[in-house]
Amino acid sequence: MAELSTKHLLGIKYITKQDIDLIFKTADNFKEVINRPIKKVPTLRDITIANIFFENSTRTKLSFELAEKRLSADVVNFSAGQSSVKKGETLIDTVNNILSMKVDMVVMRHPNPGAGIFLSKHVNAAIINAGDGAHEHPTQALLDSYSIREKLGEVKGKNVVIVGDILHSRVALSNIFALKLQGANVKVCGPQTLIPKHIASLGVEVELDLRKALEWCDVANMLRVQNERMDVSYFPTTREYAQQYGLTKNILDSLDKEIVVMHPGPINRGVEITSDVADSKQSIILGQVENGVAIRMAVIYLLASKL
Ligand code: CP
């Protein structure tokens, strides 16, 4: 049986094109499963998974829990806000206590970049990074590429622009790694202040003009401005940001082609994207969420087979 090159999923940076192909092929099978009347398979009946979230989440947390339950794994959920982390317990102590309850796999979201990598070196369980600060969000990038492949047939050769707050975005970094691995052409677009200085070293071009970026692309992935990660102002006002970098129906309709519109969520309607665009037929935002369950089932299943 084909297997992943890694026993953890810590970032797209640490996996291969073959890993992505295998995850997508496995997700194709699970997508068929979750569209059956009985959406569950007994595959992981002997596996226990802990979802430990030190940061807020709606989509990722629910999607992982659903994926685990569809695979018949036993699931425990941990939110830092209601835990003994508040009493000063360390990350390793917290996770070792959870693991001593015979947990096989940990899905972790954490505000600190590299938290999953750190954990993987100190505990004996498979670790899946569900977002670590502004570093990586590998399952989001996998579901994003999977959704492009589903919509456009393949990712290779497609022009993808990632628009918005690139500087603070783990979604942007993981998407850049995933898209480049698969042979897509990638540009980033946003205010200069929200574009990392090293971005060219990732093989990515910068386009500061949203209209030019949209005229070039097949796919626009619109990102949220991450105010919670900013301690200074990176642009004058939200209104000006929306005027320069917000995707509106007027701009979309004025292009001479139909581009695919994506957003990882949560959306700030009226800032990076207007409601009529988010809900338009060019938007695949809810399709991304649906694909998230199949992708996470595939990742969990493939990592569980290496335990
Ligand atoms: N896309 C994403 O990570 O959303 P959540 O923060 O709601 O999980």
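Biologist: How far is the polar side-chain atom of Ser-57 from an oxygen atom of the ligand?
Modeller: That atom of Ser-57 sits 2.6 Å from the ligand oxygen, where a polar contact is a pair of N or O atoms within 3.5 Å. Keep in mind this is a predicted model, where local features need pLDDT of at least 70, side-chain atom pairs count only at pLDDT 80 or more, and totals for chains, interfaces and linings use all residues. Side-chain values use heavy atoms, with hydrogens and water left out, and residues are numbered from 1 along each chain as its sequence is written.

Biologist: OK. And what about Thr-60?
Modeller: A polar side-chain atom of Thr-60 lies 2.6 Å from an oxygen atom of the ligand. Gln-140 also has a polar side-chain atom by the ligand, 3.0 Å from a nitrogen atom.

Biologist: Which residues surround the ligand?
Modeller: Ser-57, Thr-58, Arg-59, Thr-60, Arg-109, His-137, Gln-140, Pro-264 and Gly-265.

Biologist: Switching to helices. Where do Arg-59 and Thr-60 of α2 make contact in α11?
Modeller: They're part of a group in α2, with Ser-63, Phe-64, Leu-66, Ala-67, Glu-68 and Arg-70, that meets Val-289, Gly-292, Val-293, Arg-296, Met-297 and Ile-300 in α11. Contact here means heavy atoms within 4.5 Å. By class, that's seven nonpolar, three polar and four charged residues, with Ala, Val, Leu, Ile, Met, Phe, Trp, Tyr, Cys and Pro as nonpolar, Asp, Glu, Lys and Arg as charged, and the others, Gly among them, as polar.

Biologist: At what angle do the axes of α2 and α11 cross?
Modeller: Roughly 55°, and the axes come within 8 Å. Axes are lines fitted to C-alpha atoms, for helices over the stretch in contact, and angles run from 0 to 180 degrees between N-to-C directions. The pair is therefore oblique.

Biologist: What do you count as oblique?
Modeller: Whatever is left after under 35 degrees (roughly parallel), over 145 (roughly antiparallel) and 65 to 115 (roughly perpendicular).

Biologist: Back to Gln-140. Which residues of α11 does its helix, α5, touch?
Modeller: Gly-287, Gln-288, Asn-291, Gly-292, Ile-295, Arg-296 and Val-299. On the α5 side, Gln-140 is one of the contact residues, which also include Leu-143, Asp-144 and Tyr-146. The contact has five nonpolar, seven polar and three charged residues, and the axes cross at roughly 115°.

Biologist: How do α5 and α6 cross?
Modeller: At roughly 50°, for helix α5 (residues 138–152) and helix α6 (residues 170–181), with axes coming within 8 Å. Gln-140 shows up here too, with Pro-138, Ala-141, Asp-144, Ser-145 and Ile-148, against Val-171, Ser-174, Asn-175, Ala-178 and Leu-179 of α6.

Biologist: Last one: what's phi at Ser-72?
Modeller: Near 65°, a positive value in a residue other than glycine. Ser-72 is in the loop between α2 (59–70) and β2 (74–79).

Terms used
Helices (H or I, at least four residues) and strands (E, at least two) are DSSP runs, numbered from the N terminus. A residue is near a molecule or strand if one of its heavy atoms lies within 4 Å of it. A polar contact is a pair of N or O atoms within 3.5 Å; within protein, one must be able to donate a hydrogen and the other to accept it, and residues adjacent in sequence count only if both atoms are side-chain atoms.
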